[in-house]
Amino acid sequence: MKLLDRFLDGDRIALSRVITLLENDRDRRSEILDSLYPLSGKARRIGITGPPGAGKSTLSDRLTSQLRKDGRTVGVIAVDPTSPFSGGALLGDRLRMQGSWDDPEVYVRSQADRSHAGGLSEATPHAMTALDAFGKDVIIVETVGVGQSALDVSEVSDTTVVLLTPESGDSVQAMKAGLMEIADVLVVNKADREGADRFASELKMVVDMGRWEEDWKPPVLRVSARDDTGMDALYEQLDAHGDYLAGEGHLGKRRLRQGRSAIEKALGELWRGRLTERRERDDTLDRLSERVARREIQPLAAAREIMDGMDGLSN
Amino acid sequence: MAENIRVLVAKPGLDGHDRGAKVVASALRDAGMEVIYTGLRQTPEMIVEAAIQEDVDVVALSILSGAHMTIFPRVMNLLREKGVHHMLLTGGGIIPRTDAEELAALGVGTLFGPGTSTRDIIAYIQEEVDRRRVEDEI
């Protein structure tokens, strides 16, 4: 049986192979998505982001168990950074995600970001499409540990959870920009530690002062994922946000935004692909790099020259 | 040469000596591989489940407890039962040569003992993955 037929048949090995192809095989990626994309769009997408060591994997693990108690099937994508020097990666999120290892309705996949900026891998949205098309009810995406930027997760999630710890306190000011703005739910994890209450109230103040585009103001929750404390409240808030999205076309608006962002990302991907191809065919890029280095031409003008030389995007 | 090689490094059994596994995991990462590290006290069932979900090319087990004649065959059988045939099952630990030969007859790859250079392990994995990778018909 061919791979996609096995996938549609519910074969988990086929799901794994499909995700690998979406990650590695630029030539066939688009062909696979032709088949899978129309089947996706049904799953609830929850993004979890926050600084390294905040407890994203542990939270994902606990959340997964809770979702399973509700009978919802779960797919998790956990992203860790690729070394820009060796191209290798140590993917350790699975270490803390073994609560449902023997549950066939839970699928956990580790992904290296392959030096893609933004906190996710270029292939993360594609892997989400695969899990969605496979029939998972909920998809949890866990970003690499991030600070102030790396906000891609909000462009692929219906609900974004920003996870902080009491130790994140000093950086609240910086976090007002960026990370704070993508939060639909704010979680102070490791709330058993000193300073958690004060930090949570400070966060609440920041939220109250902020201007929020929509009429959903992110709740601030205190959680200790390790001890399963506060998880019920988080679960309720995630449901509440789900209900909020379902009303008044909010979800439609988000999906539209996701679609636009996906196209923009794909455009970038195509351009980079064309550029790589071109580099193999001729030496324009090398030649222009030398001229830029000698200050004979400035980079923007060089880029324009390359762009003008490309015959459109079709191919 | 095969790119984006994925390796599952796991430590089955009850002994807590994971230094070797960590050293190998780091070396493979530095060789450009994507290493999924699942840590201590993994059962064969957990290992095979993780290997399938992560679609790894290689399952590498560190066994120092003497349980290698139980664990390697069990993992090998589980992989086959689930229909996984392309993955390389390899590993390291204190494993007598006669045992390693017996395991090789079951389809287990080369097992590396103390004092092995990580360079040899890397070269072995690269060669095996080059040979084993299959192109799926979509």
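Tutor: What follows starts with the contact between the chains and then turns to each chain in turn.

This is a predicted model, in which local features need pLDDT of at least 70 and side-chain atom pairs count only at pLDDT 80 or more, while totals for chains, interfaces and linings use all residues. Residues are numbered from 1 along each chain as its sequence is written, and chains are lettered from A and ligands numbered from 1 in the order in which they are written.

Take the contact itself. In chain A, 31 residues are in contact with 28 residues of chain B; two residues are in contact if their C-beta atoms, placed from the backbone, lie within 7 Å. At least two residues each come from α1 (3–8), α2 (12–24), α3 (26–36), β3 (89–91) and β4 (106–112) of chain A. Helices (H or I, at least four residues) and strands (E, at least two) are DSSP runs, numbered from the N terminus. The largest share of this side of chain A is that of α2(A), with eight residues. Sorted by class, the side of chain A that touches chain B has 14 nonpolar, nine polar and eight charged residues. Here Ala, Val, Leu, Ile, Met, Phe, Trp, Tyr, Cys and Pro count as nonpolar, Asp, Glu, Lys and Arg as charged, and the others, Gly among them, as polar.

Strands also link the chains. β3(A) runs parallel to strand β2 (residues 34–42) of chain B, and three bridges join them; two strands pair if DSSP finds at least two bridges between them. Within this pairing, A:Ala89 stands opposite B:Glu34.

The strand β2 of chain B also holds B:Arg41. This residue is not a glycine, yet its phi is positive, about 55 degrees. B:Arg41 counts as partly exposed because it has 15 C-beta neighbours inside 10 Å. The rule is that a residue is buried if 20 or more other C-beta atoms lie within 10 Å of its own, exposed if 12 or fewer, and partly exposed in between, with C-beta atoms placed from the backbone.

Now chain B as a whole. Its secondary structure comes to five helices and five strands, and along the sequence they follow the pattern β-α-β-α-β-α-β-α-β-α. Chain B has 138 residues and a radius of gyration of 14 Å, which agrees with the value near 14 Å for a compact globule. That radius is taken over C-alpha atoms, and the globule rule is 2.2 Å times the number of residues to the power 0.38. Of the 138 residues in chain B, 45% are buried.

Chain A has 11 helices and eight strands. Its C-alpha atoms fill a box of roughly 60 × 55 × 40 Å along the principal axes, and 40% of its 315 residues are buried. Chain A is divided into domain 1 (40–248) and domain 2 (260–309), with bounds from an automatic or database domain assignment. The centres of these two domains of chain A, taken over C-alpha atoms, are 35 Å apart.

Last comes confidence. pLDDT is the predictor's confidence in each residue, from 0 to 100. Chain A averages 90, and 95% of the residues score at least 70. Among the elements of chain A, the lowest mean pLDDT, 60, belongs to helix α6 (residues 172–175), and the highest, 98, to strand β5 (residues 138–142).
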